[in-house]
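Q: I have a model open and I want to learn to read its side chains. Where do we begin?

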Amino acid sequence: MLKISRLLLLLIITLSITATPVTAFYENVPEAGIAINGKMVDGIKPIRINGKYYIPFTTVSKILGYNFIQFERNTSTFEVTDGSTVVRMTMGGSRARRGDEYMNIDPARWVNNTAYVSLDAASSLFNSFIYFKQENGSIQVEKPASRYRVQAGDTLWLIAQAHHTTVQRLMAANGLTSSQIFVGQVLRLPPREHTKEMEPIKEKRPVERAPQGSTTIQTEVINVARTAIGAGYKFGATLAEAPRLFDCSSYTQWAFGQRGVTIPRTSREQAGIGVSVATNSLRQGDLLFFQSPTLYSDGRVGHVGIYMDGGHMIHASSSNGVHITYNVLNNSYWGRNYLFAKRIIQ
């Protein structure tokens, strides 16, 4: 009887320990300024768990331009986007998804009904290098990242996949002679000319076939798109803000949607539909995809626009809002950062 009682007591103690939230022990620390590339942009309230700094997830999302934020209560999963890439993170999970790539992160924690992520996790999720600067007690953000801190479970292959490069280039950038890496090690990412994404999803079917007639859906889409010229730009803009505010992909989604063609929300998702088109075969209504090296160091799809007859592109850019770029592939900026084109309507 005594033996059984001891077993029951041990079981109760074990259950009590495993049921205790991992966020039960944390330290409040002073509010910190948060700087992006050396420029102070906002304040944030970090906490410390087991010696690591954690910051509120939704707050840092908005500061970094991921303004569209959803939370799935049944799975405790956050989904955020900046209009380019969807980031998904489940509370307590050690794996997260950025676009099509999976990455290892410190599990996110609930503290006082607020989701917190470690600085290393935030770095991975948002393609930045985020760290605490002891000298002035600030949170520093290097965006886009030129460095990456190795996480538990990482391999050189996983890191290379997440940054759209190769193991060989990653090793060369760090002078590595073997594939061995260790948690906490800071790796230099390869130069941006060695990071480039091509077609995130290998989908090869058109979204919709245009009806026969004198006016095609492609022309109608361009006509609709023109009506929004002059509209403003907002990272992560929602369709509810159209036609006043757009980001690049909410603009293309809106223009096609006005003519009954449904396409995904983000530029990276849009890059995964339709069929590939060579630059010498472009037609009005095709989608053009570009990288954005000032925002992302991983060569990902970062911008989308709609091709117009004559070699022009109508799009929503962060600098000019909705406008037309003439001779787009000969443009010094867009031509240099062009990735590929997709035809979503045959």
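A: Begin with burial. A residue is buried if its relative accessible area is under 20%, exposed if over 50%, and partly exposed in between. Keep in mind that this is a predicted model.

Q: Is Arg98 buried or exposed?
A: Arg98 has 3% relative accessibility, so Arg98 counts as buried. Find Arg98 in strand β9, residues 95-98.

Q: What does the side chain of Arg98 meet there?
A: Look for a polar partner. A polar atom of the Arg98 side chain lies 2.9 Å from the backbone oxygen of Ala162. Now widen the view. Leaving aside neighbours within four places in sequence, the contacts of Arg98 include Thr85, Val86, Met103, Ser124, His163, Asp298 and Arg300.

Q: Next, charges. How do I read a salt bridge?
A: Side chains of opposite charge can pair when their charged atoms come close. In this structure, a search of the whole model finds eleven salt bridges.

Q: Which residue does Lys52 pair with?
A: Lys52 forms a salt bridge with Asp106, at 2.8 Å from N to O. This pair links distant parts of the chain, 54 residues apart. Lys52 sits in strand β5, residues 52-56, and Asp106 in the loop between β10 and β11.

Q: Are Lys52 and Asp106 buried or partly exposed?
A: Check each one against the cut-offs. Lys52 has 35% relative accessibility, so Lys52 is partly exposed. Asp106 has 14%, so Asp106 is buried.

Q: Where does the salt bridge between Asp247 and Arg265 lie in the chain?
A: First, the distance. The side chains of Asp247 and Arg265 meet at 2.8 Å, N to O. Asp247 is in the loop between β18 and α7, and Arg265 is in the loop between α7 and α8. They are 18 residues apart. Asp247 has a relative accessible area of 0%, so Asp247 is buried. Arg265 is buried because its relative accessibility is 16%.

Q: What does the pair of Arg259 and Glu220 tie together?
A: The closest N and O atoms of Arg259 and Glu220 are 3.5 Å apart, and the two form a salt bridge. Arg259 lies in the loop between α7 and α8, while Glu220 is in helix α6, so the pair ties together parts that are 39 residues apart in sequence. Arg259 is partly exposed at 37%. Glu220 is partly exposed too, at 27%.

Q: Which residues are linked in a network of salt bridges?
A: Glu72, Glu79 and Arg88 are linked that way.

Q: Now rings. How do I read an aromatic pair?
A: Look at two things: the distance between ring centres and the angle between the planes. Planes over 60 degrees apart count as edge-to-face, under 30 as stacked, and the rest as tilted. This structure holds 16 aromatic pairs. In one of them, Phe71 and Phe78 are 4.6 Å apart, centre to centre, with 45° between the planes, and this pair is tilted. Phe71 is partly exposed at 28%, whereas Phe78 is buried at 6%.

Q: How do Phe71 and Trp110 pair?
A: Phe71 and Trp110 are edge-to-face, with 90° between the planes and 5.8 Å between centres. Phe71 is in strand β6 and Trp110 in strand β11, 39 residues apart. Trp110 has a relative accessible area of 34%, so Trp110 is partly exposed.

Q: Which residues form one aromatic cluster?
A: Phe71, Phe78 and Trp110 belong to one cluster together with Phe57, Tyr66 and Phe126.

Note on methods:
Residues are numbered from 1 along each chain as its sequence is written. This is a predicted model: local features need pLDDT of at least 70, side-chain atom pairs count only at pLDDT 80 or more; totals for chains, interfaces and linings use all residues. Side-chain values use heavy atoms; hydrogens and water are left out. Rings of Phe, Tyr and Trp (its six-membered ring) pair if their centres lie within 6.5 Å; planes under 30 degrees apart count as stacked, over 60 as edge-to-face and the rest as tilted. Buried means under 20% relative accessible area, exposed over 50%, partly exposed in between (1.4 Å probe, protein chains only). Helices (H or I, at least four residues) and strands (E, at least two) are DSSP runs, numbered from the N terminus. A polar contact is a pair of N or O atoms within 3.5 Å; within protein, one must be able to donate a hydrogen and the other to accept it, and residues adjacent in sequence count only if both atoms are side-chain atoms. Contact means heavy atoms within 4.5 Å. A salt bridge is a side-chain nitrogen of Lys or Arg within 4 Å of a carboxyl oxygen of Asp or Glu.
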